[in-house]
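Good morning. Please have the sequence and the model open while I talk. I will start at the surface and then go inside.

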Amino acid sequence: MTAIHILFLIGAYFLLLLSISYFTGKNDSNIDFFKAGKSSPWYLVAFGMVGASLSGVTFISVPGWVASSEFSYMQVVFGYLAGYLVIAYILLPIYYNLNVTSIYEYLEKRFGTISYKVGAVSFFISRVLGASFRLFLVAIVLQQFVFDDLGVRFEVTVILSILLIWVYTFRGGIKTIVWTDTLQTTFMLLSVGLSIYFINQKLDWTLPEFLASDELKTYSKMLFFDDLFEKNHFIKSFLGGMFITICMTGLDQDMMQKNLTCRSLKDAQKNVVSLSLVLIVVNFIFLLLGALLFIYADRFGIATPMMNGQAKSDLLFPEIALNSGLGIVVAVTFILGLIAAAYSSADSALTSLTTSFCVDFLNIDKKPQDQQKKIRKTTHVVMSLLLILVVILFKHILDTNVIDGLLQVATYTYGPLLGLFTFGIFTKYRLKDKYVWIVAVSVVGIIYAIASIPASSLGGYQIGYELLPINGLLTFIGLWFIRDKGQVEAI
């Protein structure tokens with residue numbers, strides 16, 4: 001499949017997205033952009049959120065995880081399930097009862113303006129970095145397998161990618177995203193399923209033969225209880241996955257903005273619970289694909305692609321799909337799955353960043369009515385430019401598996417949110433609001449210091465994703481010391 005063919009396919013895909021955008025963005029109103037008129041069917045949101053929750057990181061990076069960590073990622077996924085239950089039955093009732101546009105408005109009502117801004121800034125940094133991680137992964141794939149052949153620079157690839165997202169989201173916003181996510185999830189799952197089928201065919205296996213093979217057994221160890229000091233011990237992974245979900249979904253404007261478009265709290269809860277169950281199955285299928293890719297590469301002598309002089313396991317899936325002779329069907333579905341996976345998270349990230357900045361920082365609701373739409377559109381452009389700059393920067397500094405890097409960032413940036421929301425929900429104290437930012441910044445510094453301690457200084461203990469709940473706990477303790485002794489009614 002040539003670079004020109006891939007460009008044609010990408011162009012056709014975006015024409016389809018633009019068609020959806022045209023019909024969903026006819027009103028071009030702020031209420032549709034921010035909340036989709038609160039009329040989205042829950043099952044549509046749930047199915048679309050599968051793609052947004054997985055993203056291009058899961059599509060490419062989870063299969064690449066298998067070589068070094070086997071199926072240990074499933075321990076994190078089991079933690080996701082527990083986290084989604086917390087979201088459904090603790091966080092969603094709060095958001096719906098307060099009828100918020102930005103979920104960080106809760107912090108303003110509970111503690112005050114500074115707490116509100118600390119929460120909004122934490123999300124903003126988290127989402128900019130998270131969205132940039134995802135976009136970076138797709139950009140390097142497109143660069144290596146398409147645009148390098150055409151002599152196009154990486155920076156141009158990034159600009160074009162984000163420009164396309166801006167074009168189909170600038171009018172309809174979240175209302176468009178709910179519908180495009182459904183299409184993108186379909187393409188992603190279709191791509192994975194067909195890839196597994198055709199690779200098994202090439203290996204002369206049926207699916208049951210693959211599942212029973214000795215080759216799969218070398219990659220498929222899932223639960224690790226042997227050594228608590230290891231980073232992938234079950235308890236550490238499970239708790240890390242639970243708190244990552246609570247923070248990266250339940251305390252994240254991007255993911256919650258879609259849930260808040262449902263007609264009622266009950267519908268939103270059905271959405272979250274059904275999503276949590278589906279994600280267990282889908283992530284397991286991605287890991288099966290990862291094992292199959294490495295088995296196939298070993299069988300046919302396919303080397304892991306290099307980037308900046310290092311083997312990059314994230315690039316093995318595209319290498320096999322596009323360059324190993326599996327045929328046009330796998331190549332086409334891979335490209336469709338890739339761009340669907342990437343843009344199902346990136347487009348909603350751009351929309352949520354626009355929403356958060358307009359509501360949390362610009363106080364758009366307090367601006368004159370005739371200026372509100374212009375403010376939203378200008379902010380949308382600025383957020384697009386910011387993502388471009390950060391993605392380009394990642395090319396020069398990122399040296400880790402992308403999903404691992406994404407989860408590491410979450411341990412720092414979501415800690416203040418976890419501490420603030422936990423303190424607000426489980427205590428009745430107010431805070432001395434003007435000191436909240438000091439607590440948040442101090443704890444992030446402490447977490448960085450803890451993460452920098454070498455394992456040899458801790459008796460071989462490897463610090464993993466448990467840093468996120470530790471971050472939240474330290475933030476909670478810091479808030480306890482600046483609490484106002486006067487009690488309030490729980491919100």
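Which residues make a nonpolar surface patch of about 450 Å²? The answer is I114, Y435, W437, I438 and V441. Before I go on, this is a predicted model, in which local features need pLDDT of at least 70 and side-chain atom pairs count only at pLDDT 80 or more, while totals for chains, interfaces and linings use all residues. Residues are numbered from 1 along each chain as its sequence is written, and side-chain values use heavy atoms, with hydrogens and water left out.

A patch is made of residues with over 30% relative accessible area and no salt bridge; like charges are joined within 9 Å, and nonpolar side chains (Val, Leu, Ile, Met, Phe, Trp, Tyr) within 5 Å. Accessible areas come from the Shrake-Rupley method with a 1.4 Å probe, and for residues only the protein chains shown count as cover. Helix α19, residues 436-451, supplies the largest share of the patch, three residues. Helices are DSSP runs (H or I, at least four residues), numbered from the N terminus. I438 lies in helix α19, and it counts as partly exposed because its relative accessibility is 37%. The classes are buried, under 20% relative accessible area; exposed, over 50%; and partly exposed, in between (1.4 Å probe, protein chains only).

Now the inside. The largest nonpolar core has 139 residues, and Y95, I199 and F421 have the most contacts inside it. Helix α6, residues 113-147, gives the most to this core, with 19 residues. Such a core is a set of buried Ala, Val, Leu, Ile, Met, Phe, Trp, Tyr and Cys residues joined through side-chain atoms within 4.5 Å.

Leaving aside neighbours within four places in sequence, N471 is in contact (heavy atoms within 4.5 Å) with residues including T411, Y412 and V443.

Last, the charges. How many salt bridges are there? The count is five, where a salt bridge is a side-chain nitrogen of Lys or Arg within 4 Å of a carboxyl oxygen of Asp or Glu. One of them joins E215 and R299, at 3.7 Å, N to O. This pair links distant parts of the chain, with E215 in helix α10 (residues 214-217) and R299 in helix α13 (residues 265-300), 84 residues apart. E215 is partly exposed because its relative accessible area is 33%, and R299 counts as partly exposed at 41%.

Note on methods
Helix = DSSP H or I, 4+ residues; strand = E, 2+ residues; numbered from the N terminus.
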